[in-house]
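Then turn to its sulfur link and its surface.

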Amino acid sequence: MSISQGTSVRGTWVGPLVATVVTLPAALVAYIIGGLSPMACDACDGAEAERFTRRFDTAFTLLQVGILASVALLLVSWGLPQTEQNIARRRVFAALAPGTVVLSVILFAAMVPWPG
């Protein structure tokens with residue numbers, strides 16, 4: 001049986017739902033850990049503290065943008081019409097959301113000059 005173009009398809013909500021359940025807690029944990037990261041340089045002084053602060057500010061901004069991008073991807077995956085033509089698009093956007101959080105955390109950790 002063929003589905004016409006405007007008909008809603010069952011099960012198109014599964015991808016966005018799974019992505020939401022994974023992405024939102026991961027984004028919250030990433031934000032909390034990122035926000036607490038400056039404590040790693042509490043004992044730093046002088047040039048090391050200045051370098052850490054400068055790089056941390058940039059990295060934390062990138063982390064925040066990545067988290068916002070992941071939420072935007074979730075919204076797109078939920079917002080696409082539930083038609084047969086959009087099943088693959090909804091799944092792709094849903095899969096990109098948690099991947100964006102992971103990529104943002106990796107970039108954040110790589111950019112910050114952690115004290116040794």
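Y31, F52, F56, F60, F108 and W114 come together as one aromatic cluster. This is a predicted model, in which local features need pLDDT of at least 70, side-chain atom pairs count only at pLDDT 80 or more, and totals for chains, interfaces and linings use all residues. Residues are numbered from 1 along each chain as its sequence is written, and side-chain values use heavy atoms, with hydrogens and water left out.

Seven aromatic pairs are found in the structure. One of them joins F56 and F60, and it is stacked, at 5.5 Å centre to centre with 15 degrees between the planes. Rings of Phe, Tyr and Trp (its six-membered ring) pair if their centres lie within 6.5 Å; planes under 30 degrees apart are stacked, over 60 edge-to-face, and the rest tilted. Both F56 and F60 sit in helix 2 (residues 46–79). They are four residues apart, about one turn of the helix. Helices (H or I, at least four residues) and strands (E, at least two) are DSSP runs, numbered from the N terminus.

How buried is F56? Its relative accessible area is 8%, so F56 is buried. F60 also counts as buried, at 13%. Buried means under 20% relative accessible area, exposed over 50%, and partly exposed in between (1.4 Å probe, protein chains only).

F60 and F108 form an edge-to-face pair, 6.5 Å centre to centre, with 65 degrees between the planes. F60 belongs to helix 2 and F108 to helix 3 (residues 87–111), so this pair ties together parts that are 48 residues apart in sequence. F108 is buried, as is F60.

Now the sulfur link. The structure holds one disulfide (a pair of cysteine sulfur atoms within 2.5 Å). A disulfide is a covalent bond between the sulfur atoms of two cysteines. Here C41 and C44 are joined, with their sulfur atoms 2.0 Å apart. The angle about the S-S bond is -125 degrees, and the link of C41 and C44 is left-handed. Both cysteines, C41 and C44, are buried.

Last, the surface. W13, V14, L17, V18, V21, V22 and W78 make a nonpolar surface patch of about 620 Å². Patch residues have over 30% relative accessible area and no salt bridge; like charges are joined within 9 Å, nonpolar side chains (Val, Leu, Ile, Met, Phe, Trp, Tyr) within 5 Å. A salt bridge is a side-chain nitrogen of Lys or Arg within 4 Å of a carboxyl oxygen of Asp or Glu. Helix 1 (residues 14–36) gives the most to the patch, with five residues. V18 lies in helix 1 and is partly exposed, at 48% relative accessible area.

Conventions
Areas by Shrake-Rupley, 256 points an atom, 1.4 Å probe, with all protein chains shown as cover.
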